[in-house]
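Please open the model in your viewer and keep the selection panel at hand. The tour moves from the whole chain to individual sites.

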Amino acid sequence: MLTRLSKPKPNLKLLGQTGCSIYHRSVHNKYSPITAHSYIHNDFMSSISKEEIAKHLKNLGPFPTYSNILNPQHFYQNAVLMEYSKRHPHPVSLRQLAGYGNTLTKQKILNSANFVRIELPIRLAMRIRDLQTLPFGVVNNFHLAQIYESYYHSFNAFRKIPAIHSIEENDKFCETLVNLLDDHLFNLSHLMMGALEVSIAKSLPQAELDKFMSQMLRSRISRRIIVEQHLSLSQNYRTNPYAQKPANYIGEIFHDCKAAEHFNVVADMVKATLAPHFPEVERMPALEIEGDLNTHFQFMVPHLHYLLHEILRNSFVATIKTHSKMTSKILPPVKVTIIDSKKQVLFRISDQGGGIHHDDLKNVWSFGKKPDTSRQSLANFHQIPGLQLYSNLQVTPAGSSIVSSQAERILGSTSLSEQSVRNTHSTLHHFIAREYSLKLGMGLAMCSVYADYWNGELSMNSLEGYGCDTSLMLTKLGYHTNVIQLDRA
């Protein structure tokens, strides 16, 4: 961000604060009076809108007014980050997690705490450096700047935490971790909105945007798993120290999931969001499940529900749109076939929703969307209840980052495991619970990254005029515990 000295090009730019795009003119019209907003295309907005947008011009520079991090001294502070960004994160496999949590001791908990304490600043520094090396017009985007603020704030806070030598110190550290999860909840929404605005502005080629988004998402998943795993280990030690876990144990954050049950649960969630717009509930497509109905596997429930939700939602909506006005009978079902193998589980979701045009099929996996689609998605983001636009990060008068502590988060009032579960659900749960009309346009692109992270695969075949077959393959974590996941820093 501050290592690039080139000035922004006078082209299309986005103001995330207002949720709308504006045009920068490279030259002023010499026949028109110059005003504070004369750079805005006259045919694009009313004078009132221009005046409102012009108020935010000062936030397009390197030191926006809303920032507690970006100031003239930030360039010199950046030397510390450069040192961390050159270090290598420590790879961690699920086999290591399984063995580590099998029998807990005080020393194991302290080792885990210090691993997290050392690892987080390194991984955050790598992503901050990635943001700094983006073109100015990308990293200066309001939403991506919020992520930069959040990452740098956490980096500053965690690199100063001293070594942890006692369970009491670990308890305090866990409270800090819980607060970190809370403070970072809004990042996923900002990352997606930033991608939409960059897509409209064409500030990055689509391939580079997709690569950037995939890296940021994978890194986010890894960091959260490291944090949540330590929180669950600490809670287990507090409640039942030295307890022997079963041989297939890989951590409290992974649950034994019966596939058919979770499909039914998610289908009910989808129908609940569709009901206000398609009140004839009795005519809604049924969910028919066939194949290996007793299939079960270990997985993270929030990730599994998000994957299934986005796929089923697309199938239900497409089926309703295609058939609801053509018949008064029950609409064609959405069929799920479950195939259970030794190392993977495969789900095939088939619908009769009319299919997708072949030329459009490849675009569903990309974070780069057409301008009109991106603008509508941005507008929908702003209607999601509870969306936090500005961070609530705090700094001392000297500029040191503070990880805030709220009374309701104090250890003892709510268990660490309950805190972890609450935070694990928050961001993805908001997306799942959103109104049907709030289409974000990135569901399958996000799902593809989540599936790939767990060594799975998401693909789709479409027969235009009939329907789609979506295939989701997930690796059974218990059989591939030696595959390194958390090195995706």
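The stops below proceed from the overall chain to a pocket, a cavity and a single side chain.

This is a predicted model, in which local features need pLDDT of at least 70 and side-chain atom pairs count only at pLDDT 80 or more, while totals for chains, interfaces and linings use all residues. Residues are numbered from 1 along each chain as its sequence is written, and side-chain values use heavy atoms, with hydrogens and water left out.

**Whole chain.** Of its 489 residues, 53% count as buried (under 20% relative accessible area, with a 1.4 Å probe and protein chains only). Among contacts with a separation of 6 or more, 79% join residues 24 or more positions apart (contact means heavy atoms within 4.5 Å).

**Largest pocket.** Next, select Asn314, Ile356, Val364, Gly441 and Leu444, which lie nearest the centre of the largest pocket among its 33 lining residues. A pocket is an open set of points on a 1 Å grid over the protein atoms alone, with protein on both sides within 12 Å along at least five of seven lines; lining residues have an atom within 4 Å of a point. The volume of this pocket is about 1,000 Å³ (the space filled by probe spheres set on the points). Helix α11 (301-323) gives the most to the lining, with eight residues. α13 (371-381), α15 (443-453) and β11 (467-475) each supply at least two.

A cavity is a set of points where a 1.4 Å probe fits but cannot get out; the whole structure holds seven of 30 Å³ or more.

**Glutamine 132.** Which helix holds glutamine 132? Follow α4 (residues 106-132), where this residue lies. Glutamine 132 is buried, with a relative accessible area of 0%. Display its side chain together with that of tyrosine 148: the two make a polar contact at 2.8 Å (a pair of N or O atoms within 3.5 Å, one able to donate a hydrogen and the other to accept it; residues adjacent in sequence count only if both atoms are side-chain atoms).

How values were computed:
Helices (H or I, at least four residues) and strands (E, at least two) are DSSP runs, numbered from the N terminus. Buried means under 20% relative accessible area, exposed over 50%, partly exposed in between (1.4 Å probe, protein chains only).
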